[in-house]
Amino acid sequence: MLYGLKIALRYLTASKGQTGLLIAGVAVGVFVFIFMSALIGGLAVFLLQRTVGDIAHVTIEAPDRDAISLLPDSPDVLVVQQRAGNQRTLLRTADAFLPLIEALPGVAATSQQIVGNGFVVRGQTRAPVGVTGVEAAKVSDIANIAKALVAGSTDLTNSGVIIGSGLAEDLGISAGQVVRLQSDRDVERTLVVTGIFEIGVDALDSRAAFVSLATARTLFAQPQGVSRIEIKLADLNQANDFASRIAAQTGLKATPWTQGNAQLLDGLRAQASSGNLIKGFALITIVIGVASALLLSTYRRRPEIGIMRAMGASRRFVVGVFVAQGTLIGLMGGLIGAGLGFLALAPFPVPELAPPGGLPVDVRQGAYGLAIVLTTVGAILASILPARSAARVDPVSVIGQ
Amino acid sequence: MSELLAIRDLVKTYGEGDAETRVLKGLDLQMETGELSALLGPSGSGKSTLLTIMGTLLQPTSGQHTMLGTDLTHASDAELTGFRNRHIGFVFQFHNLLPDFTAVENVMFPAAVFAGRETAAARARARELLARVGLADRMDFMATQLSGGQKQRVAIARALMNKPELVLADEPTGNLDRESANQVMALIGEINSDEQTTFLISTHDETIAAHCRRRILVSDGRVSTL
Ligand SMILES: Nc1ncnc2c1ncn2[C@@H]1O[C@H](COP(=O)(O)OP(=O)(O)OP(=O)(O)O)[C@@H](O)[C@H]1O
Ligand SMILES: [Mg+2]
């Protein structure tokens, strides 16, 4: 086999220009493959970052109370207690769960929250808001409020409220001014606008207000328990698994972010499959290119193949010589293409840090190893047909010519 | 002298139906170890056909072919390939050498393909053989950088590489001028008497045939010794 490899190498180096072109062609295919991997992967990171970056990855709530049968043993009469619709279900045992959840691997941040609806009132203007009560230290743990802050600060005291820029505009207020917050439980507090944020999501910017957990307790008359625990994971792709594990272990309702973002996920999937299609075409081009070049070479070298066979080279040896050529071409083209791909992608910032409007390619997602392996395997497969045709060369008919 | 090979009732036809040509028609031939024989006959008489069958490159239509006690008529392609590698050397008129390899590499080929690599021992023997055929100063020349006569001498060295019992040469001097042709034949004669290697050389040339001790004539699909 070693000797077959030597002959393969000699054949490749004998026509340097042709071999160089062939390897360059393979390298271009590999480059396309790697660039597509990095682009599709980068786009996914970019879009997820934009969409999911500011929401919880998993939300834990008290389980929905099902309608309760009041006469379970009666075969004829069905009497049920209606499921509580307007009453907020409370997570009364949050204090017990929280340390356990925080200790789980992959958890980046947790935030217990009390949520409710209300109105921000200033003078004659009333604007409906969704109020979220959070721990003062964790204001920025789920949505990055600190990063999106346009005025004031995120230091949340029990007499402060942080609102979005759209809401501030509607009400005509700026940081430091005072508003009244009226809950749907008819509790009213006067609060100072400590900060104004602009996340870029309208639902948040013109309808969200953050207050301290203690303020929320009074506003919504909830002396204990919380409405939900929001969790951020280190890897947002783990959300489904994580949620079902939490649900199974605690019996609570755990909702992964994917449940509310089916369209985004569909889009990402469609993007990934069109990327795979392009990658597939790149591989097919490589295979066809290598196969046709080697087929031409077997044809040109028919007399030599005949001599080798006459000198006692077996068919398997001849097959080996041509498969080795395919392997070397695939490996060289793969390595060069992967190297060039990396060099071309390296200058781009990773999508998490990409400036708006930049090409969101992700150098980490180039799939270099996969590209090299698939190309080499493809080139080996491509060489089988030419190798078999070489092995079938009849020495008598080519030597006599 | 002992019997090297025996051919009995050998028939070879090319084509089928109306296009069928019967080239060898029940040919018998024996050869002894150490023979130096010329294969003569008019063009188209079947000399090359006979040589390629004897070299196991072509299957006869019918008949028996044994060499060194091995039945070669019913052997598989892999068996024939191995047999060829160890026991038969070839020298052809054209297309003899691998053009992308040096003289030494060409001579080593039969040994390297057998061993799976180029051994130091094979290299040493190849250099010895090239010196023997007068090409000590051309060892590392590429095949394409050699003259016609030099190429044929490299081919002879290569044919001897695995110490075969039989060397088949199909018009080995057909491409050469008179002087080179005589040099090649003198070399073959020398090797034949030194090493008892059996040679069968097809030729149209009486002066080439004059170098040989036995002259075998192919005519009408059979052979006769002159
Ligand atoms: N592959 C083939 N298919 C059909 N006929 C063939 C084939 N090879 C040889 N022949 C025929 O067989 C006959 C013998 O050919 P062969 O080459 O053995 O002759 P030869 O004695 O070597 O002739 P030359 O002295 O010209 O080399 C010729 O008539 C030729 O046409
Ligand atoms: Mg002939």
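Trainee: Is A:Thr258 buried or exposed?
Mentor: This is a predicted model. A:Thr258 sits in the loop between β12 (253-256) and α9 (262-300) of chain A. The cut-off for buried is under 20% relative accessible area. A:Thr258 has a relative accessible area of 17%, so the residue is buried.

Trainee: How far apart in space are A:Thr258 and A:Val52, C-alpha to C-alpha?
Mentor: In sequence, 206 residues separate A:Thr258 and A:Val52. A:Thr258 itself belongs to the loop between β12 and α9 of chain A. The C-alpha to C-alpha distance from A:Thr258 to A:Val52 is 9.2 Å.

Trainee: What distance separates the centres of domain 1 and domain 2 of chain A?
Mentor: Start with the domain assignment. Domain 1 of chain A covers 2-51 + 264-398, and domain 2 covers 63-251. Their centres are taken over C-alpha atoms, and the separation is 53 Å.

Trainee: How many residues of strand β11 of chain A are buried?
Mentor: Strand β11 of chain A spans residues 228-233. Buried means under 20% relative accessible area. The strand is mostly covered, and the count of buried residues is 5 of 6.

Trainee: Which residue in β11(A) is the bridge partner of A:Thr110?
Mentor: Here the pairing is with strand β4 (residues 107-122) of chain A. It joins β11(A) through 6 bridges, again antiparallel. In general, strands of a sheet pair through backbone hydrogen bonds. The partner of A:Thr110 in β11(A) is A:Ile231.

Trainee: Which are the edge strands of the open sheet in chain B?
Mentor: The sheet has 4 strands in the order β2-β1-β4-β5, with antiparallel pairing. An edge strand pairs on one side only. In chain B those strands are β2 (21-32) and β5 (70-71).

Trainee: Which residue in β5(B) is the bridge partner of B:Thr66?
Mentor: Strand β4 of chain B runs over residues 62-67. It pairs with β5(B) in the antiparallel sense over 2 bridges. B:Thr66 has as its partner in β5(B) B:Asp71.

Trainee: Which helix gives the largest share of the shell around ligand 1?
Mentor: The surroundings of ligand 1 include B:Tyr14, B:Pro42, B:Lys47, B:Ser48, B:Thr49 and B:Glu171. The shell divides into 3 nonpolar, 7 polar and 2 charged residues. The largest share is 3 residues, and it comes from chain B, helix α1 (residues 47-54).

Trainee: What percentage of the accessible area of ligand 1 does the protein cover?
Mentor: Take the contacts with oxygen atoms of the ligand. A polar side-chain atom of B:Ser43 lies 2.5 Å from one, and a backbone N or O atom of B:Gly46 lies 3.0 Å from one. For B:His204, a polar side-chain atom is 2.9 Å from an oxygen atom of ligand 1. On its own, ligand 1 has 630 Å² of accessible area, and the protein covers 58%.

Trainee: With which side chain does B:Thr49 make a polar contact of 3.1 Å?
Mentor: B:Thr49 lies in helix α1 of chain B. Its relative accessibility is 9%, so B:Thr49 counts as buried. B:Thr49 is also among the residues around ligand 1. The side chain joined to B:Thr49 at 3.1 Å is that of B:Tyr14.

Note on methods. Residues are numbered from 1 along each chain as its sequence is written. Chains are lettered from A and ligands numbered from 1 in the order in which they are written. This is a predicted model: local features need pLDDT of at least 70, side-chain atom pairs count only at pLDDT 80 or more; totals for chains, interfaces and linings use all residues. Side-chain values use heavy atoms; hydrogens and water are left out. A residue is near a molecule or strand if one of its heavy atoms lies within 4 Å of it. A polar contact is a pair of N or O atoms within 3.5 Å; within protein, one must be able to donate a hydrogen and the other to accept it, and residues adjacent in sequence count only if both atoms are side-chain atoms. Accessible areas come from the Shrake-Rupley method with a 1.4 Å probe; for residues, only the protein chains shown count as cover. Ala, Val, Leu, Ile, Met, Phe, Trp, Tyr, Cys and Pro count as nonpolar, Asp, Glu, Lys and Arg as charged, and the others, Gly among them, as polar. Domain bounds come from an automatic or database domain assignment. Two strands pair if DSSP finds at least two bridges between them. Buried means under 20% relative accessible area, exposed over 50%, partly exposed in between (1.4 Å probe, protein chains only).
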